[in-house]
Amino acid sequence: VVREISRLGFKPGIWLAPFNKNNKFKMDDLIKLGFELIKLDFLYKAYLIPSITSQEAGDLVRNILLEIKKIHPSVYTIACGCPVLPAINVVDSMRIGSDIIEPITGTIPIWNNIMNSYKLNLVINDIKRRLWTNKFWNLDPDVFVCRRELGLTEKQIFLLQKHIKLASGNIFLGDDMTKLEEDRIKKFVLPLFK
């Protein structure tokens with residue numbers, strides 16, 4: 001898969017939760033396969049290890065992130081579900097808040113509209129609250145979405161677009177671009193990159 005992604009001119013990335021049920025961390029083997037971006041999620045799980053203190057958990061997370069940077073300096077790292085202090089100056093990017101959409105409600109139209117509007121407000125507030133952290137890393141405010149089925153109004157989509165651009169960090173797209181109407185791509189997606 002890594003070779004095929006690279007052959008197509010893209011950079012391969014992987015999103016994973018690094019702590020398994022035995023609280024062991026395995027990462028080097030994945031990077032050696034050729035992944036150039038690694039999103040490490042649920043890093044707070046280190047704080048749930050019963051045999052260590054909160055300070056030791058923070059040190060564990062920081063040491064893991066430092067080791068990745070030391071051994072693989074060219075790999076782009078995104079921390080997610082991570083306390084701020086252990087990640088300062090050791091990750092390239094930090095996920096700064098809530099998910100923009102609620103996938104579970106995707107088949108319930110009215111509830112979908114209510115929940116996604118609520119989540120949109122959470123993301124916008126997270127971006128505003130966390131803008132100051134952009135001196136330590138690129139901000140990852142979650143994905144930009146604009147597909148009709150989400151029930152967001154054009155005004156809400158433009159608001160999300162504005163705040164994703166304001167974050168001046170990662171821009172990940174959460175819609176299947178092959179299924180998104182061309183007018184929505186022109187109106188909502190392309191302006192993100194100008």
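1. In strand β4, M94 is the bridge partner of A79. Strands β3 and β4 pair in the parallel sense over two bridges; two strands count as paired if DSSP finds at least two bridges between them. Helices (H or I, at least four residues) and strands (E, at least two) are DSSP runs, numbered from the N terminus.

2. The model is predicted: local features need pLDDT of at least 70, side-chain atom pairs count only at pLDDT 80 or more, and totals for chains, interfaces and linings use all residues. Residues are numbered from 1 along each chain as its sequence is written, and side-chain values use heavy atoms, with hydrogens and water left out.

3. Strand β2 (residues 37–40) runs parallel to strand β3 (residues 76–79), and four bridges join them. I38 stands opposite T77 in β3. From β2 the chain passes through helix α3 (residues 54–71) to β3, a right-handed β-α-β crossover. Right-handed means that, with the strands pointing away from the viewer, the path from the first strand over the helix to the second runs clockwise.

4. R95 belongs to strand β4 (residues 93–95). Is R95 buried or exposed? R95 is buried, with a relative accessible area of 7%; buried means under 20%, exposed over 50%, and partly exposed in between (1.4 Å probe, protein chains only).

5. The side chain of R95 makes a polar contact with the side chain of D142 at 3.5 Å. A polar contact is a pair of N or O atoms within 3.5 Å; within protein, one must be able to donate a hydrogen and the other to accept it, and residues adjacent in sequence count only if both atoms are side-chain atoms. A polar atom of the R95 side chain also lies 3.1 Å from the backbone oxygen of S98.
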